[in-house]
Amino acid sequence: MAGHGIPEVYLEGYDQILAAAAATGRRLTRDELDSRRALGERAAEAGLGLRALVGAHLSATRGHWPAAGDADRVLAAVEQAVDALAEGYERAQRLAVRQQEAARREFIDDLLHGRSDLGRLAERAERFGLRLSYEHAVAVAQGPCGYEEGDAVPREVESALVGRFGNRSILLTTKEGRLVCIAPGDQGEVLAFFAKHAYAAIDGARVVIGRPQPGPGGVVQSYEEALNALDLAERLELDEPVLHAADLLVYPVLTRDRQAMADLVVHTLGPLRQARGGARPLIDTLTAFFDSGCVAAEAARRLSLSVRALTYRLERIHRLTGANPADPVHRYTLQTAVIGARLLDWPDQPF
C-alpha cells in the first residue's frame, strides 16, 4: 500500500519516469502520459479520491527523488505526470456522470410513462431514493418557456427543496419542458413548497399537484392527472397559479360523455349565435357572471362594462335561450353548458 491509502498499483512505473526525466531532462513520452491517464481512469472507477491519489504521487516523489536529479527537471516531470493522472481521472468521472444521467433519464421516462415492468421499475427506483410500494404524488410546473435539467431554474428549485427537506425521497426532474416533482404521498408539505418556489422562479408559471396514488403505477397515474389538470386549467383560463387536481375532478366527469355535453352546449347556447357579434361575447359575459358568484357589479368590472350594459347582455341571453342566468333553476344548466363550451372550445370549434 502506497501513501494516503492508495494501492501501489496506481503508482506503477512512476519511479522509472522520474529517473528517466531527471537523467535526460526530456518531457514524458506519449506512452508514459497515456499510462498515467489510464491509471487515473482506473483510480476514479475504483472510487479512490483524487486528492489522495495526488498526495500519494507527491509522497512517492520524495521517496524516489533521483540522487543526481536536477530539481527543475524532476518537478517538470512530476507536473506532467500528475496533470495526465488528473486528466484521466476527470475523464472517467465525466463518463460516469454521463452514464448516470442517461440511466436517470431512462428511469424517469419509464417511471412517468409506465413503460417498464413494475417490479423491475421498483428495484431501479430505490437507486434514486423512491420506494414505489408507498403512495406518491406528483406536482407539475409549466411556464411560458421550457426547461431542461441543468438549467438555472430547475437548479434553483432543487436547491431550495434539498435545503429545506434534505433527501427525504424526493425526485425533481424535467419532462417536456416542465418541472416535475415526485414525493411521498403523505408529505404534502414537500409539494406545496415545490409549488411555491416553482411559481416564484418561473414567470407566468402554473403548478398543478396530482393526488397521491399507491403502488408502482401510482406515480404515472398522479403525473397524468396533473397533466390533464394543467390542460383543463388552460382551456378554462383559470386564474389560480397553484391548483390541486382533486379540486378539478368535476370537469372530467362533465366531459366523460362528450356527445352528451356537446348536445347540451348546442341546445342551450346555440341560440346565442343569432346575436350581433355571435355567441362569443355573450358566453364571455356568462363566464364572468358565474365566476364572480353571480354578482353583476363584479362581473361588469371584470368585463370593463357598466352594470347597465352587463344587465342588458344578461337580458339578451334570457330572450335568446329562454334561460334566465339570475334564476337558480336555470343557472345550473346555463353554467354547465358554459363550462362545456369552454372545455370543448365552442363555438370556435363547431361540432
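This is a predicted model: local features need pLDDT of at least 70, side-chain atom pairs count only at pLDDT 80 or more; totals for chains, interfaces and linings use all residues.

F289 and F290 are both buried, where buried means under 20% relative accessible area, exposed over 50% and partly exposed in between, with a 1.4 Å probe and protein chains only. Residues are numbered from 1 along each chain as its sequence is written, and side-chain values use heavy atoms, leaving out hydrogens and water.

How many aromatic pairs does a search of the whole structure find? The search finds 2, counting rings of Phe, Tyr and Trp (its six-membered ring) whose centres lie within 6.5 Å, with planes under 30 degrees apart called stacked, over 60 edge-to-face and the rest tilted. In one of them, F165 and F193 sit edge-to-face, 5.3 Å centre to centre with 90 degrees between the planes. F165 belongs to helix α6 (residues 152-165) and F193 to helix α7 (residues 188-201), so this pair ties together parts that are 28 residues apart in sequence; helices here are DSSP runs of H or I, at least four residues, and strands are runs of E, at least two, numbered from the N terminus. F165 is buried at 9% relative accessible area, and F193 also counts as buried, at 18%. The rings of F289 and F290 have centres 5.9 Å apart and planes at 55 degrees, so that pair is tilted.
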